[in-house]
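Dear colleague,

I am handing over the structure below, and after it you will find notes on what turned up when the model was examined. Please read them with the structure open beside you.

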Amino acid sequence: MKDVTTTTTTTTTKPTVASRSIDEFYNEAYEQGASNGRFQYWLMFLALGIANSGDATEIGCMNYILSHPLFKEEILANRSGNVVGVGELIEEDYGGRGAAIASSIFAGMLIGGIVTGAYGDKLGRRPTLLTGLFLNAISGISASMASTATIICLCRFSAGLGIGAVLASLITLASELSPSAHRGWYITIIAGFWTIGSVFIAVLAYVLFGRNDYSWRIFVLIAASPTLVGGVLVWVIVPESPRYLALHGRYDEATIVANDIGRSMGYRGMNALTVEEIRDHYGHYNTAESWINSGHTTTQSSSDKRAMRKIGDLYRKELVWTVTIPLQIVWFSMSFGSGLCTWITKLFEEIGLTNIYLQSLYFAMANIPGNLSACFLVDTVGRKALLFGSMTSAALSLGLAAHGASEPETRQLQVILSACAFHSFLVMGWCALSVMTSELFPTSIRGTGMGVCAGVGRVAGILVQYVNGAFIDRPLVLLLTAASCMMAGAFAPIAMKMPDMTDKHLSEIPGKAIGEGDGQATHKIV
């Protein structure tokens, strides 16, 4: 699928039907294609899903090693004496070293998401994704050999840079490879692999730590493997986005890839997409130098200005109050609430639960019903309603967990069930938010929008690690703080009248109406 240099006899023929957009061709190919002939198409999304699961394992692994006795002794412990690592153990520094290690990956994700989001719209979805995956894998492997908290922070920061690149490009690429009528389903499936990664790392922790006594270093090393596998699969199977190619004037390549994707959907019809149709829908976009860079000799200064202009486009009057700001509020709130997941094992320990690795496994497995529910609801009830219901339910679940934590001796079951319900609703919210973010921004700045919104989330992710580290010995305060933040964020899309893109075509440039799609345009380039 990744080879776009082959020739085809169908790309230069005159269209036999009305000029179609890429979205219209995808919908036609998917509806007319044989469902038993979509193996290659499903394999493409499997590769993207495994790549997403690798991010989950890398972020989630810290949750389990923060409670590992040897990690506490080797990395977190403050000691008396004049020789580093030698002396009498004083205490485990969760508020300082623990919070710094937990937050360093989010600091990397903040920078990686914003930078690769802006430049990824110029460099391409696929190269950005591959760079992020392999950087994440190398950093994860290096962290398994770290000897100090500082080195682990550097490795986690580097991994965060890679994850930021992945998150800015992966969902963007998936949305541009999906038919609009089923886009929510496919993006939710990919998001569901985050659950698979979370369950994988929880099972691994239970086997290595709960049932045995393996080193945390082996655990961290194995946690890096899904990212490495995902990178190889994406490199072999997943193509560049035809939308991206067309928007950058590479019409022949865009036509070949789009038709390859159509065939992978099981489509065997005679009406293949033509170069003329691609040029018809995208040629006018390439006349505006302010939107794309079709040349290859631009200076670094002009590239930087173009990247900054793309960030500025997110705050144009057409987007700022109905799309960009409400999405950023939701990303901040969701990320703040999700910060509990990094500390859940330690939180269970502080509350006084027994067999904390088994309870953490239950917590991770609660992702599964959340993902399954999101798959069936995202295209039926709509993205906006699903997001609001998920966030408010997650906040209420945290309130119930806080009530149980006030008397942990008699309400352990309430704490566990409430925590699992929170995680299930949380993942439903993330599925809806991922779909909404990838749909609401136009193609020309979609990667930038994903990166900047994710960057705002990383600010919350960094902040919440220090909040959690400071209040980890006061679970009631910690749980109620997260619940309040999520409840407040749930109302932002409704109050600011954010649009719902359910079953609508994607837009290409700012200035077009949301959901107007890539139809043959007569609009001015603003």
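Asn 355 has its place in the loop between α14 and α15, where helices are DSSP runs of H or I with at least four residues, numbered from the N terminus. This is a predicted model, in which local features need pLDDT of at least 70 and side-chain atom pairs count only at pLDDT 80 or more, while totals for chains, interfaces and linings use all residues. Residues are numbered from 1 along each chain as its sequence is written, and side-chain values use heavy atoms, with hydrogens and water left out.

Although Asn 355 is not a glycine, its phi is positive, near 50°, and with a relative accessible area of 41% the residue is partly exposed (buried means under 20% relative accessible area, exposed over 50%, and partly exposed in between, for a 1.4 Å probe and protein chains only). Lys 497, in the segment after α21 (492-495), likewise has a positive phi, of about 55°, without being a glycine, and at 66% relative accessibility Lys 497 counts as exposed.

**Aromatic rings**

The count comes to 15 aromatic pairs, where rings of Phe, Tyr and Trp (its six-membered ring) pair if their centres lie within 6.5 Å, and planes under 30 degrees apart count as stacked, over 60 as edge-to-face and the rest as tilted. Phe 348 belongs to helix α14 (residues 320-351) and Phe 363 to helix α15 (residues 356-365), so the pair ties together parts that are 15 residues apart in sequence. Both Phe 348 and Phe 363 are buried.

Elsewhere, ring pairs link Tyr 30, Tyr 41, Phe 45 and Tyr 186 into a cluster. The charged end of Arg 38 sits over the ring of Tyr 30, 3.8 Å from its centre (the rule asks for NZ of Lys or CZ of Arg within 6 Å of the ring centre and within 35 degrees of the ring normal).

**Helices α17 and α18**

The axes of helix α17 (residues 383-405) and helix α18 (residues 412-440), as lines fitted to C-alpha atoms over the stretch in contact, come within 8 Å and cross at roughly 155°. The two helices are therefore roughly antiparallel to each other, a term used for angles over 145 degrees.

With kind regards

Key. Axes are lines fitted to C-alpha atoms, for helices over the stretch in contact, and angles run from 0 to 180 degrees between N-to-C directions. Angles under 35 degrees count as roughly parallel, over 145 as roughly antiparallel, 65 to 115 as roughly perpendicular and the rest as oblique.
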